[in-house]
Amino acid sequence: MGMLGPGRQYGLLSTRFTDQRSDRNFPNTLEGSSMKLRTLAAVAAISVSIFAGQALADGRIAVALDAPVAAKTKVVAGGAVFVCEGAECVSAQAPSRALTAVACKALAKEVGRVSAFGGETKSLDADDLTRCNAAAKGAATLAAK
C-alpha cells in the first residue's frame with residue numbers, strides 16, 4: 001500500500017480507502033455519486049407529482065344554463081369533462097385552462113346559452129359570457145329571428 005498523505009493509505013485492489021484519523025470508511029466516488037443521483041431523482045419525481053397535481057387541478061366548475069338539456073349529457077370543453085343535467089353542468093376536476101371564455105364557448109356549442117360559468121377561484125364576467133353565448137347552440141337561429 002502506498003501513502004497518500006499523513007495517516008491515509010490506499011489499497012490498489014480495494015474500492016475503498018480509509019482515513020485513519022477518523023476511522024471512517026468512504027465508498028468509492030462512483031458508488032456514492034450513483035446513490036446521490038438516485039436520491040435526487042426520487043425527490044425530484046415526488047416534488048413534480050405534488051406540484052403538478054396542484055397546478056393542474058383548479059377544482060370544481062359549475063355552469064348555469066338558460067334552458068335545461070333534454071337528457072343527461074357529458075361534454076369535454078377546455079380539458080374538463082362537464083356532466084350536464086337539467087339546467088346545470090358541473091366539472092368536478094377541472095384544469096385551470098377550463099375556466100375561460102374559450103372553454104365556455106365550446107360547452108355552449110353543445111348545450112346552449114350559459115347564464116353563469118364559474119369555479120372556486122373566479123367566475124366569468126358579463127363580457128366573457130356574451131362572447132361565450134355568441135357560439136351557443138341555437139344562437140344563430142335566435143339572431144336570425
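Predicted model: local features only at pLDDT ≥ 70, side-chain atom pairs only at ≥ 80, totals over all residues.

Biologist: In which element does Ser91 lie?

Modeller: Ser91 belongs to strand 8, which covers residues 88-94.

Biologist: Is Ser91 buried or exposed?

Modeller: One compares the relative accessible area with a cut-off, and a residue under 20% counts as buried. Ser91 has a relative accessible area of 1%, so Ser91 is buried.

Biologist: Which backbone atom lies 3.2 Å from a polar atom of the Ser91 side chain?

Modeller: That atom is the backbone oxygen of Val81. Val81 is also among the residues that Ser91 touches.

Biologist: What does Val90 touch, if residues up to four places away in sequence are not counted?

Modeller: Val90 is another residue of strand 8. On that count, Val90 touches Arg60, Ile61, Val81, Phe82 and Val83.

Biologist: Where is Ala98 found, and is Ala98 buried or exposed?

Modeller: Ala98 sits in the loop between strand 8 and helix 2. Its relative accessibility is 0%, and therefore Ala98 counts as buried.

Biologist: Which residues are in contact with Ala98, leaving aside its neighbours within four places in sequence?

Modeller: The contacts of Ala98 are Ile61, Ala77, Gly78, Ala80, Ala103 and Phe117. As for distances, Ala98 and Gly118 are 20 residues apart in sequence, with 9.8 Å from C-alpha to C-alpha.

Biologist: May we turn to strand 9? Why does Val114 count as buried?

Modeller: Val114 lies in strand 9, residues 114-119. Val114 is buried because its relative accessible area is 2%, and the cut-off for a buried residue is under 20%.

Biologist: Which residues is Val114 in contact with, apart from its neighbours within four places in sequence?

Modeller: They are Val63, Ala64, Leu65, Asp66, Cys104, Ala108, Leu129, Cys132 and Asn133. For one of these, Cys132, the separation from Val114 is 18 residues in sequence and 7.6 Å in space, C-alpha to C-alpha.

Biologist: How does one describe a pair of helices, such as helix 2 and helix 3?

Modeller: One looks at the approach of the axes, the angle and the handedness. The axes of helix 2 (residues 101-111) and helix 3 (residues 126-134) come within 8 Å and cross at roughly 35 degrees. The crossing of helix 2 past helix 3 is right-handed. Helix 2 contributes Ala101, Cys104, Lys105 and Ala108 to the contact, while helix 3 contributes Asp128, Leu129, Arg131 and Cys132. Sorted by class, this contact has 5 nonpolar residues, 3 charged residues and no polar ones.

Biologist: How many helices and strands does the protein have, and in what order do they run?

Modeller: The protein has 4 helices and 9 strands. Starting at the N terminus, the order is β-β-β-β-α-β-β-β-β-α-β-α-α.

Biologist: What may be said of the whole protein?

Modeller: Of its 145 residues, 26% are buried. Among contacts with a separation of 6 or more, 47% join residues 24 or more positions apart. The protein exposes about 9700 Å², and carbon and sulfur atoms supply 60% of that area.

Notes
Residues numbered from 1 in each chain as written. Heavy atoms only, no water. Axes fitted to C-alpha atoms, helices over the stretch in contact; angles between N-to-C directions. Helix = DSSP H or I, 4+ residues; strand = E, 2+ residues; numbered from the N terminus. Left-handed = near helix turned anticlockwise from the far one by under 90°. Contact = heavy atoms within 4.5 Å. Nonpolar A, V, L, I, M, F, W, Y, C, P; charged D, E, K, R; others polar. Buried < 20%, exposed > 50% of the residue type's maximum accessible area, 1.4 Å probe, protein only. Polar contact = N/O pair within 3.5 Å; in protein donor to acceptor, adjacent residues only side chain to side chain. Areas by Shrake-Rupley, 256 points an atom, 1.4 Å probe, with all protein chains shown as cover.
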